[in-house]
Amino acid sequence: MSAGSSKIAIYGAIGANIAIAASKFVAAFFTGSSAMLSEGIHSLVDSGNGLLILYGVKQSENPADARHPFGRSKELYFWSLIVAVLVFSVGGGMSFYEGIEHLKHPAPITDPTWNYWVLGLSLIFEGISCFLAFREFNKGRGDLGFWVTLSRSKDPSVFAILMEDLAALLGLGIALAGVYFGHALNNPYFDGGASICIGILLVSVAIFLIYKTKGLLVGEGVDDETLDSLEVIARQQRGVEQVRRPLTMYMGPQDVVLALDVEFHDHLSAVEVEHAVDELQDAIRAKHPEFKRIFIEAKGLAGKQRETALQPPISPQI
């Protein structure tokens with residue numbers, strides 16, 4: 001997935017959240033709804049998060065240089081981790097706090113008309129934003145299920161935005177229920193309870209995002225299926241006798257480093273080994289273009305190192 005396509009979902013989320021946050025705060029001011037204030041905070045945090053992820057995408061596109069020889073693709077993972085922390089602390093924490101305060105000092109909702117209008121419009125805008133994010137998410141989904149694809153996704157600019165949009169839609173449903181039952185039953189505790197539920201929802205999403213981005217930031221590798229595929233490709237190459245388990249690490253969603261230890265037959269000359277290494281690199285990249293840098297350590301059967309092949313750095317593309 002290209003950076004341009006993933007940015008579509010980010011732009012959509014930022015635009016929707018800014019407009020929705022403003023309308024929610026206006027509604028909260030006139031109605032005194034705690035759930036509506038929490039939803040306003042939620043949308044404001046989501047707007048800032050979208051800007052941070054957009055900044056991370058931009059930084060990750062910078063080419064490699066002397067101080068960053070492997071490029072700066074991991075910038076996207078760093079800023080995605082910051083986003084997750086903000087969702088946890090600001091979004092979830094403030095919503096939970098606001099709900100507790102409303103339970104301590106309940107205030108009935110006298111006229112929920114503002115809330116209904118804002119929540120209705122918010123559902124429309126959030127639905128559009130979620131549709132854009134889901135469309136980008138589906139581009140790399142294939143025949144896999146939603147949760148399997150989500151767990152395997154390595155692109156925070158897609159899965160983080162999608163999770164925030166889904167949480168926003170669910171949070172709007174919770175806020176709508178809190179406002180409706182609080183007004184219908186003349187019980188302000190429903191409103192405060194809805195705010196607490198929204199806080200718990202945001203904390204849960206934040207924990208998931210922290211778990212995902214932490215693994216990518218510290219050096220997560222490809223899945224077992226891809227490792228098996230790499231071994232099969234290597235064993236099928238001319239002159240290859242043994243292959244050790246490949247070592248991989250995600251630098252970015254479409255920027256993976258591969259280190260491969262291969263033993264060739266002793267009867268191959270140095271020139272033949274060099275050609276075999278080039279063919280192996282081409283075969284790997286033909287099936288797995290995400291491997292931007294391939295390091296192959298070539299040895300003879302006797303254990304003597306013949307050659308170490310290094311694929312020249314390529315500017316990472318998200």
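His42, Val45, Asp46, Val87, Gly91, Glu164, Ala167, Leu202 and Val205 form the lining of the largest cavity, to which α2 (34–60), α3, α6 (156–184) and α7 each give two or more residues. On a 1 Å grid over the protein atoms alone, a cavity is a set of points where a 1.4 Å probe fits but cannot get out, whereas a pocket is an open set with protein on both sides within 12 Å along at least five of seven lines, and lining residues have an atom within 4 Å of a point. The model is a predicted one, in which local features need pLDDT of at least 70 and side-chain atom pairs count only at pLDDT 80 or more, while totals for chains, interfaces and linings use all residues. Residues are numbered from 1 along each chain as its sequence is written, and side-chain values use heavy atoms, with hydrogens and water left out.

A search of the whole structure gives 1 cavity of 30 Å³ or more, and the space in the largest cavity is about 40 Å³, a volume being the space filled by probe spheres set on grid points that are joined across faces, edges and corners. Helix α2 supplies the largest share of this cavity's lining, 3 residues; helices are DSSP runs (H or I, at least four residues) numbered from the N terminus.

The largest pocket has a volume of about 700 Å³, and among its 23 lining residues Gly140, Arg152, Ser153, Tyr250 and Gln254 lie nearest its centre. Because domain 1 (3–218) and domain 2 (224–309) both give residues to its lining, the largest pocket lies between them; the domain bounds come from an automatic or database domain assignment.

The second largest pocket, with a volume of about 150 Å³, takes the largest share of its lining, 5 residues, from helix α7 (residues 189–218). Just after α7, Gly219 has a positive phi of about 115°.
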